[in-house]
Amino acid sequence: MPVSADQYRQIGRACAGAVSVITVLDQASSAVVALTVSSLVTLSFDPPLVMFAIQKNASSFPSIIASKTFGVSVLGHSQMEAAQRFAARDPHKTAGVQFDRGQVLNVPLVPDSLARIECLTQQIVTSGDHSIIVGQVESAVTQDGQPLLYFARQYGSFRPL
Ligand SMILES: Cc1cc2nc3c(=O)[nH]c(=O)nc-3n(C[C@H](O)[C@H](O)[C@H](O)COP(=O)(O)O)c2cc1C
């Protein structure tokens, strides 16, 4: 028998995650669509694949699903404001925000992120109330720094034991 909704939420609270922003250009309007996620996984080394999960009722879902390319910006610990902004359910959340463009693909990327990854959408798997999007990594630029983490509904940074 499945667990209760509350038990399931407790699992989510127990899982710490790195925070990333998924970005696409909406095909119709060319506006930047951005979504904060903690579900990014480096999936495969050969070929180089990453994946993330997106809830089907996200307003960014249609644009992200339809896009043949997407950007991933893995945020550093000083980028909490960007995480909060792109986690808002606000159709104007990218208005006036400056994004960089990819080196290989024309995807938006958050400036000064720890990793800026350009992906071709390779596979979309629907699973429960989310879809899993797999991307083939066409370009990646990384820089040293501390990650932005999310745990128990709070942002924080990494501290070695
Ligand atoms: C730290 C953090 C991690 C999140 N991770 C995900 C995720 O992996 N997948 C997802 O669909 N939503 C995730 N969300 C929720 C979305 O960012 C949020 O629902 C957002 O409002 C959706 O924006 P949209 O309606 O413009 O698409 C996360 C939110 C936060 C704060």
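## Ligand shell

The ligand is surrounded by 17 residues, counted as near when the C-beta atom, placed from the backbone, lies within 6 Å of the molecule. Val37, Ser39, Ala58, Ser59 and Ser60 are the closest. This is a predicted model: local features need pLDDT of at least 70, side-chain atom pairs count only at pLDDT 80 or more, and totals for chains, interfaces and linings use all residues. Residues are numbered from 1 along each chain as its sequence is written.

Strands β3 (32-37) and β5 (49-55) each supply at least two shell residues; β5 has the largest share, with 4. Helices (H or I, at least four residues) and strands (E, at least two) are DSSP runs, numbered from the N terminus. By class, the shell holds 10 nonpolar, 6 polar and 1 charged residues. Here Ala, Val, Leu, Ile, Met, Phe, Trp, Tyr, Cys and Pro count as nonpolar, Asp, Glu, Lys and Arg as charged, and the others, Gly among them, as polar.

## Nonpolar core

The largest nonpolar core has 30 residues. Such a core is a set of buried Ala, Val, Leu, Ile, Met, Phe, Trp, Tyr and Cys residues joined through C-beta atoms within 7 Å, buried meaning 20 or more other C-beta atoms within 10 Å of the residue's own, with C-beta atoms placed from the backbone. Val21, Ile22, Ala34, Leu35, Phe70, Val72 and Leu75 have the most contacts inside this core. β3 gives the most to the core, with 5 residues.

## Open sheet

An open sheet of 3 strands has the order β1-β11-β12, with antiparallel pairing; strands pair if DSSP finds at least two bridges between them. β1 (17-18) and β12 (154-157) are the edge strands. Between β1 and β11 (residues 148-151) there are 2 bridges, and glycine 17 stands opposite tyrosine 150 in β11.

Methods
Buried ≥ 20, exposed ≤ 12 C-beta atoms within 10 Å, placed from the backbone.
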